[in-house]
Amino acid sequence: MMKKKSISASKASLVLFLCQMISALDVPLDSKLLEELLQPPTITQQSPKDYIVDPRENIVIQCEAKGKPPPSFSWTRNGTHFDIDKDAQVTMKPNSGTLVINIMNGGKAEAYEGVYQCTARNERGAAISNNIVIRPSRSPLWTKEKLEPNQVREGDSLVLHCRPPVGLPPPIIFWMDNAFQRLPQSERVSQGLNGDLYFSNVQPEDTREDYICYARFNHTQTIQQKQPISVKVFSMDSLNDTIAANLSDTDIYGAKPVTERQPILLTPTGSSSTKVELRGNVLLLECIAAGLPTPVIRWIKEGGELPANRTFFENFKKTLKIIDVSEADSGNYKCIARNILGSAHHVISVTVKAAPYWITAPRNLVLSPGEDGTLICRANGNPKPNISWLANGVPIAIAPEDPSRKVDGDTIIFSHVQERSSAVYQCNASNEYGYLLANAFVNVLAEPPRILTPANKLYQVIADSPALLDCAYFGSPKPEIEWFKGVKGSILRGSEYVFHDNGTLEIPVAQKDSTGTYTCVARNELGKIQNEVQLEVKDPTMIIKQPEYKVIQRYGQVSFECIIKHDSTLLPTVIWLKDNDELPDDERFLVGKDNLTIMNVTDKDDGTYTCIVNTTLDSVSASAVLTVVARPNPPFDLELTGQLERSVELSWIPGDENNSPITNFVIEYEDGLHESGVWHYQTEVPGTQTTVQLKLSPYVNYSFRVIAVNEIGRSQPSEPSEQYLTKSANPDENPSNVQGIGSEPDNLVITWESLKGFQSNGPGLQYKVSWRQKDVDDEWTSVIVANVSKYIVSGTPTFVPYEIKVQALNDLGYAPEPSEVIGHSGEDLPMVAPGNVQVHVINSTLAKVHWDPVPLKTVRGHLQGYKVYYWKVQSLSRRSRRHVEKKILTFRGNKTFGMLPGLEPYSSYKLNVRVVNGKGEGPASPDKVFKTPEGVPSSPSFLKITNPTLDSLTLEWGSPTHPNGVLTSYILKFQPINNTHELGPLVEIRIPANESSLILKNLNYSTRYKFYFNAQTSVGSGSQITEEAVTIMDEAMASRQVDIATQGWFIGLMCAVALLILILLIVCFIRRNKGGKYPVKEKEDAHADPEIQPMKEDDGTFGEYRLFSFVSSAPF
């Protein structure tokens, strides 16, 4: 029990110590400073842990280290001191610990196999290298063996064993033939991970005598060759009688036909196996199967998915490769070999172990005398590694004691260190799969402050950019840094400055007034030092007028401006570039102070021109593009060919496009017969086309011309082509947009769009207008007119359908028979009102109205819908004069019902319905009266809390503005609120509806209460209002409040206010009654209540509405 307590106490003290620990010093990488400071050794370079050397070359075992003073070096071999002075073959490089073992002059590499470790030592400690295992590479010869020829029946499986000699490192295996050509591999034939060559099934083409396995040893750069292996594949169809006679009946190569076989695994064998791999390595799993047809391999992970982005399939999916494996990749992997006859599988149980790896490697500590610090060494692995510490290369348990040092597992704690505490510590983390070794020194220094930044260094920056003023420093203990501005300025603080840990002062947005002298002061307990630097803030360089994009025609003159503004103390240089290169050496380019002018522009001057302005502190640039273009030249050589009555082919030769591609050609025509001198658009074609087939109209004297178009504009028109007169003909088309609409109840107005001149197809253009009453007249009535586009038929019945057609004709005849259209004679107002109007009240704010449709013959026009007029007659909860708003809802089409939204509860309404056509509204139906039921009331108009005492409050309220029914009661709820705004128990009181005030007694003194107040009808409770009030502190305060309320001046003031309000109410009442009766005035969209806005639903249940208003003198 005592032991457990001591462990817990030590852990608690460790946590407390770590929380209070002072962070270690950082030593700047200043060469002069580093030369002066004492530093324990640090290993900077060493050979790899497993070092395989070429036995033909000298062995070089690297060990480099740094320190102050420079360290000396020594070596151990196989755990004992290695005295290099006694071995003439071994030398150490000057000022280095690197060993050179001379093998070239008679030495043998095998004699120097072993485990080497380097130690670098100076007066501040000793650092050690990893254990470096030296082994010479080996490339032994193949053992001699007698290889029998392989005689195999077609379709059987075969394995050719390689069995390479054991080398160091292992060789790379590949199969080739006598011609040194790699043997082809496939799903059927492939090399396994062990180097053997596997045949899932052999084929006659596999017969050969030169299957050769090669082993390449990279370290010695040698290749060893196995003796050739012979394979002969027998096909039973090709066996001759002699061979067949030599085979016994029991021979496995008996005369049996080639048969298909289901898969069996050649490797691995059995149904399961195991595999151990280390974390971070590449996991390779292999399955090779025999079978006919050749099996296909598939891989799965039982109970999981193969890791995405790290899984690869090799060797025709026979090898599963997972890179960078981790413990999560442990599990069972199943390979399945399948062909049409069946399948075979094998499960490989994979366990991922881990050599030690760092979680937190120890880091060097630079401390001041008396400071505290820690070295932390944390590693993980599978199994979990053992952590051990060494001091200057000696196990810490037998190292000289240091009272400032305490080891706690993976942590060494240093308290109140002194200069003699300087040492190099080694952390070793090891398990059965490897080890990690890290050196970390503790360097205890006592140094007064030093400022490494040169004195009076000048910093220049551009305004509105950051300014970084350096104050590189060092000292032990770590100095405190302060910045001042000016000689006697105060210390700099505030959000406008950023103080970096390395001493740098940052002014994030330097302004002109930031210019001046800044002083950096560094101090610790051993001294104080200061340094001054200068800051100058310059105005930024700006291009206030940038060059602009220019399009210029050839041989013109162009100028690019580049006007700059800069700090007067900075000398700008202006450079012009063309396409990011120097300007051409051409006198046409004139560079002025603020511009670049190009004279006599040519096509090669196209490009991007950039103005670059440089100063010693900033650089700005601006670019613009110059495009040299021109409108194309007009086409020429127009030619008409293939003249027909209704078409002709036009061709031309394009003019010069002038460096801007022709996008299209526009073809125009002139009608010399009807509009001489007027050119009309005919068509256009792409710029790559120079021939077009043109459609023609009869009775036109055509001339054509062509205009070329590019991005710059249109060319001049070409010269006109020769004229071509087409023959006359009957009209091809009739007038369009024929309509028949009556303007009066007894007429029909027939209109149409006249044909253009060239559409007449001949002389004497006229129109034959025909009409007849639909389903009444059998014969057409016709009239022929000219030079008009309207004809009025008088004396028609009101709103009856007519069939109408208009046909064009000329001196040569009629156009094709025109299509008929239906028109109507004029409309009149509807004759009757909708009947059987019924109202169904759905709730207190919504009603549904029904009506019978009027007979269509009484509509006397196009039925557009029905309008419902409705208005509130009176409120059932109170009687008062009110402003009446008459609302209109329109229901489109032949609807017979609709919804009336936005009604007021507990009110009486009237409505009527009217049918609407294109002429207007019909008579109204008799007014229908309906009433809405009660609803919940609105909130009380006010809640006022007065006369607070020690234990009571007086509540006064106003009735709801919209009672929406008969009020039954008021509900008052209240609860106290404490100082933390928590709510206490809720109390509820029901108050009769005729009350307007209440005194609450027996309340707590000096307590805040929250009140919730609402009104009720028989339907339910309305919305509530809330207030808060506080009872007074003591009797004295209450008496003071009562005294104020009873003062004469206060009572007089309240009476005056009440009298003024009464007079205002009387004036408003008189003015309202004098309003009289106003005529009904229609108002569109009277207000924006969403409940009575038009609801545009497809079925028209909610219609469009309008609002009428008038003032009634009758009480409501």
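Modeller: Gladly! A disulfide here is a pair of cysteine sulfur atoms within 2.5 Å. Please keep in mind that this is a predicted model. By that cut-off, cysteine 287 and cysteine 335 are joined, with an S to S distance of 1.8 Å. The torsion about their S-S bond is -65 degrees, and the link is left-handed. This pair ties together distant parts of the chain, 48 residues apart: cysteine 287 sits in the loop between β22 (283–286) and β23 (288–292), while cysteine 335 belongs to strand β27 (residues 331–339). Both cysteine 287 and cysteine 335 are buried.

An open sheet of three strands runs in the order β22-β26-β25, and its pairing is antiparallel. At the edges stand β22 and β25 (311–314); each has a single partner strand, so one side of each is left without a neighbour in the sheet. On average, neighbouring strands of this sheet are turned by 20 degrees against each other, with direction ignored. In general, strands of a sheet pair through backbone hydrogen bonds, either parallel or antiparallel. Here β22 and β26 run antiparallel and are joined by four bridges. If you want a place to look, leucine 284 stands opposite lysine 321 in β26.

Moving on from β26, you reach serine 326, in the loop between β26 (319–322) and β27. Is serine 326 buried or partly exposed? Serine 326 counts as partly exposed because its relative accessibility is 24%, and buried would require a value under 20%. Leaving aside neighbours within four places in sequence, serine 326 is in contact with Arg279 and Val352.

A search of the whole structure finds six of them. Counting bonded cysteines along the chain, they follow the pattern 1-2, 3-4, 5-6, 7-8, 9-10, 11-12.

Two further pairs deserve a look. Cysteine 377 and cysteine 427 form a disulfide with their sulfur atoms 1.7 Å apart. The torsion about the S-S bond of cysteine 377 and cysteine 427 is about -65 degrees, so this disulfide is left-handed. Again distant parts of the chain are linked, 50 residues apart: cysteine 377 lies in the loop between β30 (373–376) and β31 (378–382), and cysteine 427 lies in strand β36 (residues 423–431). Cysteine 377 is buried, and cysteine 427 is buried too.

The other pair is cysteine 63 with cysteine 118, joined at an S to S distance of 2.0 Å. Their link is left-handed, with -70 degrees about the S-S bond. Cysteine 63 is in strand β4 (residues 63–68) and cysteine 118 is in strand β9 (residues 114–122), so to speak a strand-to-strand link between distant parts of the chain, 55 residues apart. Cysteine 63 counts as buried because its relative accessible area is 0%, and cysteine 118 is buried as well, with a relative accessible area of 0%.

Notes:
Residues are numbered from 1 along each chain as its sequence is written. This is a predicted model: local features need pLDDT of at least 70, side-chain atom pairs count only at pLDDT 80 or more; totals for chains, interfaces and linings use all residues. Side-chain values use heavy atoms; hydrogens and water are left out. Helices (H or I, at least four residues) and strands (E, at least two) are DSSP runs, numbered from the N terminus. Buried means under 20% relative accessible area, exposed over 50%, partly exposed in between (1.4 Å probe, protein chains only). Contact means heavy atoms within 4.5 Å. Two strands pair if DSSP finds at least two bridges between them. Axes are lines fitted to C-alpha atoms, for helices over the stretch in contact, and angles run from 0 to 180 degrees between N-to-C directions.
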